[in-house]
Amino acid sequence: MGSYKGEDQHRHHHHRNESNCVLVHGPIIVGAGPSGLATSACLKQQSVPSLILEKSDCIASLWQHRTYDRLKLHLPKQFCELPLLGFPHNFPKYPTKHQFISYMETYASHFSIKPRFNQAVIKAEFDHVLGFWRVKTQDFEYLSRWLIVATGENAEPVIPDIPGIDRFKGRVVHTSLYKSGSVFKNQRVLVIGCGNSGMEVCLDLCRFNVIPHMVVRNTVHVLPREMFGFSTFGIAMALVKWFPLKLVDKLLLLLANFTLGNTDQMGLRRPKTGPIELKNVTGKTPVLDVGALSQIKSGKIKVIEGVKEITRNGAKFVDGQEKEIDSIILATGYKSNVPTWLKGCEFFTKDGMPKSPFPNGWKAETGLYTVGFTRRGLLGTASDAVNIAKDIGEQWRTIKECNDSNFNYLPQRNVVQKVKK
Ligand SMILES: Cc1cc2nc3c(=O)[nH]c(=O)nc-3n(C[C@H](O)[C@H](O)[C@H](O)COP(=O)(O)OP(=O)(O)OC[C@H]3O[C@@H](n4cnc5c(N)ncnc54)[C@H](O)[C@@H]3O)c2cc1C
Ligand SMILES: NC(=O)c1ccc[n+]([C@@H]2O[C@H](COP(=O)([O-])OP(=O)(O)OC[C@H]3O[C@@H](n4cnc5c(N)ncnc54)[C@H](OP(=O)(O)O)[C@@H]3O)[C@@H](O)[C@H]2O)c1
């Protein structure tokens, strides 16, 4: 499956003026996160080789480079497993980020997945004449019949244009670059955004004698991570199999209010639509509380309404308050980067998400697939990866049968092959 060996073997037989065009015998997967790795492993099970192009220098780069130290999975490990190889038995119910990374590393080596690192895809386009995808990085143009988009829902940070932020003289950092509250010790910190990142960063800051002010401009559903010793997510998954969604939402909210109290009174107003229905309709994830709420109750985390403008050394808020602050943390979320590099394709929205909702978003036309764009976390990834591998596996076998009886289209050994332009 790995491309390096084959590629290096070829490199020895080529010279300086050779072409930068590489024919890939099997699908090209863009992104070596959990989605790219899972798809590559499932393809391998179908005896289909694949080539992963990864812009970073490692697998699971979001987890390795763009997450904070205290991050743990929110969902019990059985909901975060990739296909074909589960978590080690000795991992806790909620693995830490480091355990998750070590699982990813074991996964990649178990299936001998060797992505090509430092290959940022800058353009991919289907060549209707050739019937192949042309996938360009800074170094090469790769050609394949199949293109699998695995660049993630969280590819780029969302940096909102907040009035006055340019003149702020303190530090401004997005949560993707936040590691620990230690660098903000004793400071006055404004955290903008109250998703899971905003809440957990506030909680982390509390450990370093910071009183974070968390901006909550909108409604938000906060649920306990567990209820009566069972994961809230697990309870919800079980209930939706038997009961209508609206009823499940009502039940969850009843239990959440019982466990957490009335969050509206803490400045965290609940949306009118229930948490699961909201997730299904808009993709907005409920916050799973791991301790921030009790810090809000005790006044260690201050909840504050929307920001009106940032000043040189503070912020003015929509409720008329004004506060001095030392640093700003943008917990404002992430976005897909697909529109920046995938061209001539109607399958994605302008926000870089598949237009067809789950469970139909994994397959487009002309050999294009997507994995990990379901807004269902790693569970969605696992489902997409299995579907894609089955679908391409069937095509692969059909082509192979044709080859065996007609001409030798598929390679015998190498995944990649350099071709003259
Ligand atoms: C802080 C945080 C915590 C999370 N915790 C959980 C959790 O507990 N459970 C859960 O299910 N989900 C969680 N998620 C969601 C998370 O996105 C998924 O778990 C998972 O990382 C998605 O995997 P992916 O492979 O689809 O995307 P990613 O992990 O984002 O991987 C995409 C890869 O594509 C690469 N790439 C991007 N653009 C290009 C390009 N143009 N060319 C080449 N390579 C490119 C990136 O470098 C990256 O390595 C969390 C997200 C965040 C931000
Ligand atoms: N432990 C874990 O498992 C864990 C931890 C962290 C994150 N995650 C996951 O990672 C993904 C991203 O989470 P996230 O919290 O980073 O992002 P997110 O869920 O998209 O939340 C972004 C937050 O920023 C707010 N916001 C955006 N622009 C703003 C602006 N201009 N002014 C004020 N507020 C603004 C949003 O408010 P609006 O709602 O008003 O837009 C929202 O509250 C999610 O899937 C999440 O579940 C998981």
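Helix α2, residues 34-45, comprises 12 residues and spans 17 Å from its first C-alpha to its last, close to the 16 Å expected at 1.5 Å a residue. The model examined in these exercises is predicted.

**Exercise 1.** Determine how many of the 12 residues of α2 are buried, and state what covers them.

*Solution.* The criterion is applied first: a residue is buried if 20 or more other C-beta atoms lie within 10 Å of its own. By this criterion, 10 of the 12 residues of α2 are buried, so the helix is largely enclosed by the rest of the structure. The buried residues are P34, S35, G36, L37, A38, T39, S40, A41, C42 and L43. The cover over them includes the strands β2 (28-30), β3 (51-53) and β7 (147-149), together with the helices α4 (97-110) and α11 (377-405). Just after α2, S47 adopts a positive phi of about 65°.

**Exercise 2.** Describe the shell around ligand 1: which residues are closest, which helices contribute, and how is the shell divided by class?

*Solution.* The shell around ligand 1 holds 35 residues, and the closest are G31, G33, G152, G372 and G377. Next, the contributing helices are identified: α2, α3 (61-65) and α11 each supply at least two residues of this shell. Finally, the division by class gives 16 nonpolar, 16 polar and three charged residues.

**Exercise 3.** State how the protein is divided into domains, and characterise the contact between domain 1 and domain 2.

*Solution.* The domain assignment gives domain 1, formed by 7-155 + 336-419, and domain 2, formed by 158-333. The C-alpha centres of domain 1 and domain 2 are 33 Å apart. The contact takes nine residues from domain 1 and 14 residues from domain 2. On the side of domain 1 that touches domain 2, the residues divide into four nonpolar, one polar and four charged.

Terms used
Residues numbered from 1 in each chain as written. Chains lettered and ligands numbered in written order. Predicted model: local features only at pLDDT ≥ 70, side-chain atom pairs only at ≥ 80, totals over all residues. Helix = DSSP H or I, 4+ residues; strand = E, 2+ residues; numbered from the N terminus. Expected span 1.5 Å × (residues − 1). Contact = placed C-beta atoms within 7 Å. Near = placed C-beta within 6 Å. Nonpolar A, V, L, I, M, F, W, Y, C, P; charged D, E, K, R; others polar. Domains from an automatic or database assignment.
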